[in-house]
Amino acid sequence: MSQLSIGIVGLPNVGKSTLFNALLKKQVALAADYPFATIQPNIGVVEVPDERLEVLANITQQSEKLANLPPIKHALVEFVDIAGLVKGAAQGEGLGNQFLANIRETQAICHVLRAFANAKVVREGSISPVEDLATVRTELQLADLATLNKQVAPKGTVSKTEQWRWSIIEEFKKTLEQGRNILVSKANLNNHQAVTGKSALNKDEALVAKELCLLTAKPEIFVINVDEKDLSQADDLKGKWAKQLDVPIEQVVIISAQIESQLAVLDTTDQQAYLQDLGLDESGLERLAKVAYDILQLQSFLTAGEIEVKAWTIEKGATARQAAGVIHSDFYDKFISARVISFEDFVKLGGWQSAKEAGKIRQEGRDYLMQDGDVVEFMVGR
């Protein structure tokens, strides 16, 4: 699959661009204290930290007797930051719905919701996380309705494929017209007060949603942007906001974008010291990436050799052949087999040669289901 892509959305001045800058670890987006500081979409690719890679690099250097550590390449996530939405954006208010197009190709929507107090940062339509989320969701729903209303009903003698496609479109329209997202959380399904959509789309529904790039059919992440003093209560705040927003706690991330921007300019050692002072084990990027992997059902497999040590992103349930295709399309077509060992065994035995001698390397075929942390070498034909 292509690299993980997440669209960052929210009302003006909730901290989206500050968070974006912090995630990129460089100031590429204009962060300002007035509405619509972002007038063009900002797109950037960042690394997803994976401590296993450094371990593999050290083992590879020792086992292969290399003069230097092989290069380490982390899995990547693309963040797309768009201009702050306002009520009426789907009808062209503010900067219009042109910016919604920038997140149609992303795999998930990340809502940034303001829960910090700063009189110097103007609230442009922002009231509270609950009301703000409702406003943004409404605009995304209206944008999806506009997309669906452009679809033309099949006429005359039509195939079963055309029939089911149109029935799905009509079902989607009905859902949106009732003020619901096409894809909703299981938390909402369990709430008898809420009339909701579905927690999962079937194969046909997912195909139509993907074809039309529907925004409200994407999984959601909820970033609550808090004051620095509130970070020490992050676990309690996750529960509080999950309940108030009526979403699963697993999809909530508590972040202080201001702190993340301060962390961004520090080296690794100073970052860890700063995090410890704050009582945190991980940065906002690490926590956000883990949530994204979880809700999108993703995992990583690893490759370790003299040329590089690298993490590759695949969907859970991907086969060995599909994983090979992530490295290079030719590998999918010319796949022969995969040499596989778990990360734990690779580390314990000290590299490929020792693992081979211990009989711990498995020869797997094209239909082998990859596991998170598999260390792999693919055999491909010419």
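This is a predicted model: local features need pLDDT of at least 70, side-chain atom pairs count only at pLDDT 80 or more; totals for chains, interfaces and linings use all residues.
**Strand E4**

Strand E4 covers residues 75-81, and five of its seven residues are buried, so the rest of the structure largely encloses it.

| Strand | Residues | Sense relative to E4 | Bridges | Residue pair |
|---|---|---|---|---|
| E2 | 42-48 | antiparallel | seven bridges | glutamate 47 and leucine 76 |

**Serine 256**

Serine 256 sits in the loop that lies between strand E7 (252-255) and helix H8 (257-264). Its relative accessibility is 3%, so serine 256 counts as buried. A polar atom of the serine 256 side chain is 3.4 Å from the backbone oxygen of valine 226. When neighbours within four places in sequence are left aside, serine 256 is in contact with Asn225, Val226, Asp227, Glu228 and Leu231.

In soluble globular proteins, nonpolar side chains tend to be buried together. The largest nonpolar core here has 56 residues, of which Ile6, Phe79, Ile221 and Val375 touch the most other members. Helix H10 (residues 284-295) gives the most to this core, namely seven residues. Apart from this core lies another, of 20 residues, including Ile224, Leu237, Ile254 and Leu280.

Not counting residues up to four places away in sequence, valine 375 touches Leu56, Leu302, Ala304, Arg339, Val340, Ile341, Ser342, Phe343, Phe346 and Trp352.

Key:
Residues are numbered from 1 along each chain as its sequence is written. Side-chain values use heavy atoms; hydrogens and water are left out. Buried means under 20% relative accessible area, exposed over 50%, partly exposed in between (1.4 Å probe, protein chains only). Helices (H or I, at least four residues) and strands (E, at least two) are DSSP runs, numbered from the N terminus. Two strands pair if DSSP finds at least two bridges between them. A polar contact is a pair of N or O atoms within 3.5 Å; within protein, one must be able to donate a hydrogen and the other to accept it, and residues adjacent in sequence count only if both atoms are side-chain atoms. Contact means heavy atoms within 4.5 Å. A nonpolar core is a set of buried Ala, Val, Leu, Ile, Met, Phe, Trp, Tyr and Cys residues joined through side-chain atoms within 4.5 Å.
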